[in-house]
Amino acid sequence: YQRRVRVVLVINPTLQYAAYEQLKIRLLPRSKAPPSTLRVFAIASMAKIFATLCTYPVQVMQTRLRRSKTSAAQVIFGMIDKGFFAAYTGLRTKLLQTVAMSAFQMAMYERIVHATLAVLLHRKLSAQSS
């Protein structure tokens, strides 16, 4: 069971990146200029929140399984008995911990991509003019 949980948790960065790219397409104007850091930060934050909302219950279940001496089924049924929102206990702390870091990471990613593309384009133009 633990292996399956680990596989599900690997989906978080995949969901985050896919959501980020989709939000970027829908919310940023098409332009050769890099998007503003504030916009990238906001879009990356939304993407991380989405990914975390999707995978957080599995993280909670994994933590409870590690701490529990009971079976996986008992932990799952215990969470079901406590209600839907029990799976989101501690979500605020998790979001505070991960959203800002993730948004900063994506903002730096965008800056690096645009700087790299500018250098490569400059080299290509320089080679063509020679």
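Q: Where is Tyr-56 found?
A: Tyr-56 is found in helix α2. Helices here are DSSP runs of H or I with at least four residues, strands are runs of E with at least two, and both are numbered from the N terminus.

Q: What kind of model is this?
A: This is a predicted model, in which local features need pLDDT of at least 70 and side-chain atom pairs count only at pLDDT 80 or more, while totals for chains, interfaces and linings use all residues. Residues are numbered from 1 along each chain as its sequence is written, and side-chain values use heavy atoms, with hydrogens and water left out.

Q: Back to Tyr-56: buried or exposed?
A: Tyr-56 counts as buried, because its relative accessibility is 8%. Buried means under 20% relative accessible area, exposed means over 50%, and partly exposed lies in between, with a 1.4 Å probe and protein chains only.

Q: Which residues does Tyr-56 touch, not counting those up to four places away in sequence?
A: With that exclusion, Tyr-56 touches Ala-87, Tyr-88, Thr-89, Gly-90, Leu-91 and Lys-94. Contact means heavy atoms within 4.5 Å.

Q: And what separates the C-alpha atoms of Tyr-56 and Leu-95?
A: A separation of 9.9 Å lies between those C-alpha atoms, and the two residues are 39 residues apart along the chain.

Q: Now the helices. At what angle do α2 and α4 pack?
A: Helix α2 (residues 37-67) packs with helix α4 (residues 91-129) at an angle of about 140 degrees, and their axes are 7 Å apart. Axes are lines fitted to C-alpha atoms, for helices over the stretch in contact, and angles run from 0 to 180 degrees between N-to-C directions. That angle makes α2 oblique to α4, since angles under 35 degrees count as roughly parallel, over 145 as roughly antiparallel, 65 to 115 as roughly perpendicular and the rest as oblique.

Q: Is the crossing of α2 and α4 left-handed or right-handed?
A: α2 passes α4 in a right-handed crossing. A crossing is right-handed if the near helix is turned clockwise from the far one by less than a right angle, and left-handed if anticlockwise.

Q: How many nonpolar, polar and charged residues has the contact of α2 with α4?
A: The contact of α2 with α4 has 14 nonpolar, six polar and four charged residues. Ala, Val, Leu, Ile, Met, Phe, Trp, Tyr, Cys and Pro count as nonpolar, Asp, Glu, Lys and Arg as charged, and the others, Gly among them, as polar.

Q: How does α3 pack with α2, at what angle?
A: α2 and helix α3 (residues 72-82) pack at an angle of about 125 degrees, with axes 10 Å apart. That makes α2 oblique to α3, and the crossing of α2 and α3 is right-handed.

Q: Which residues make the contact?
A: From α2 they are Pro-57, Val-60, Met-61, Arg-64 and Leu-65, and from α3 they are Ala-72, Val-75, Ile-76, Met-79 and Lys-82. By class, the contact of α2 with α3 has eight nonpolar, no polar and two charged residues.

Q: With which residue does Lys-24 form a salt bridge?
A: Lys-24 forms one with Glu-21, the closest N and O atoms being 3.5 Å apart. The two are separated by about one helical turn, because they lie three residues apart in helix α1 (residues 2-27). The side chains of Lys-24 and Glu-110 also meet in a salt bridge, at 2.8 Å from N to O. That pair links distant parts of the chain, with Lys-24 in helix α1 and Glu-110 in helix α4, 86 residues apart.

Q: Are Lys-24 and Glu-110 buried or exposed?
A: Both Lys-24 and Glu-110 are buried. Lys-24 counts as buried because its relative accessibility is 19%.

Note on methods. Salt bridge = Lys/Arg side-chain N within 4 Å of Asp/Glu carboxyl O.
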